[in-house]
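Here's a quick briefing to read with the structure open beside it.

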Amino acid sequence: KQWYQRRVRALNEAQWSNMIFFHAYVVFYTETSRGKFWWSIEKNGEALILQMSNKIEDVRDRNEGEKRIAKTGYWAPQLNLEDESSISFRTLYDYIIVDTDQLNIKYNFSKENCKKFAKIVFDKIARSRTYNYVI
């Protein structure tokens, strides 16, 4: 059983609202014979980032080891959508890297952004829900 969610946060500390501009990413867990592992996957202007830990806080609240913007509780990551899934991690990997070639799609603030990437990931792995966003 796997659980998936989209988290949003402000783009920077000076931003006073996350109504229009926000960063979206997906957090999920997998269960194996070695235990439960939490993952986050996201796209930004520099890379696709995949993180793994046995603690949700490490992937939900941090990006490449650094704390995500969270000066106040208002900017703490927000759970916006969740669903169950039964696809394998390998299926997700193949979909992102091979089928949709996300590594070679250049980031574009208005079209090929974190929200669209989160939608591609979430819609692939979610059992019954879809992520609808406004650019």
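S86 sits in the loop that links β7 (78-85) to α2. Keep in mind that this is a predicted model.

- S86 counts as exposed, because its relative accessibility is 65% and the cut-off for exposed is over 50%.
- Look across to I125 as well: its C-alpha atom is 7.7 Å from that of S86, although 39 residues separate the two along the chain.

**How α2 and α3 pack**

- Helix α2 covers residues 89-99 and helix α3 covers residues 114-125; the two pack at an angle of about 140 degrees, and their axes are 11 Å apart.
- The α2 and α3 crossing is right-handed.
- On the α2 side, the contact is made by T91, L92, Y95 and I96. Facing them from α3 are F117, I120, V121, K124 and I125.
- Sorted by type, the residues of this α2 and α3 contact come out as seven nonpolar, one polar and one charged.

**Aromatic rings**

- The count of aromatic pairs is four.
- Y29 and W38 make an edge-to-face pair, with 5.0 Å between ring centres and 65 degrees between the planes.
- Why is Y29 classed as buried? Its relative accessibility is 11%, and buried means under 20%.
- W38 is buried too, because its relative accessible area of 10% is also under 20%.
- Y29 has something over its ring face as well: K36 lies there, 4.1 Å from the ring centre.
- There's also an aromatic cluster, made up of F28, W39 and F89.

**M52 in strand β4**

- M52 belongs to strand β4, which runs over residues 48-53.
- Buried, exposed or partly exposed: which is M52? M52 is partly exposed, because its 48% relative accessibility falls between the 20% and 50% cut-offs.
- Beyond its neighbours within four places in sequence, M52 is in contact with F37, W38, W39 and V59.
- Two of those names come up above: W38 is in the edge-to-face pair with Y29, and W39 is in the cluster with F28 and F89.
- The C-alpha atoms of M52 and S40 are 6.7 Å apart, with the two residues 12 residues apart along the chain.

Methods: Residues are numbered from 1 along each chain as its sequence is written. This is a predicted model: local features need pLDDT of at least 70, side-chain atom pairs count only at pLDDT 80 or more; totals for chains, interfaces and linings use all residues. Side-chain values use heavy atoms; hydrogens and water are left out. Rings of Phe, Tyr and Trp (its six-membered ring) pair if their centres lie within 6.5 Å; planes under 30 degrees apart count as stacked, over 60 as edge-to-face and the rest as tilted. Buried means under 20% relative accessible area, exposed over 50%, partly exposed in between (1.4 Å probe, protein chains only). A charge sits over a ring if NZ of Lys or CZ of Arg is within 6 Å of the ring centre and within 35 degrees of the ring normal. Axes are lines fitted to C-alpha atoms, for helices over the stretch in contact, and angles run from 0 to 180 degrees between N-to-C directions. Helices (H or I, at least four residues) and strands (E, at least two) are DSSP runs, numbered from the N terminus. A crossing is left-handed if the near helix is turned anticlockwise from the far one by less than a right angle, and right-handed if clockwise. Contact means heavy atoms within 4.5 Å. Ala, Val, Leu, Ile, Met, Phe, Trp, Tyr, Cys and Pro count as nonpolar, Asp, Glu, Lys and Arg as charged, and the others, Gly among them, as polar.
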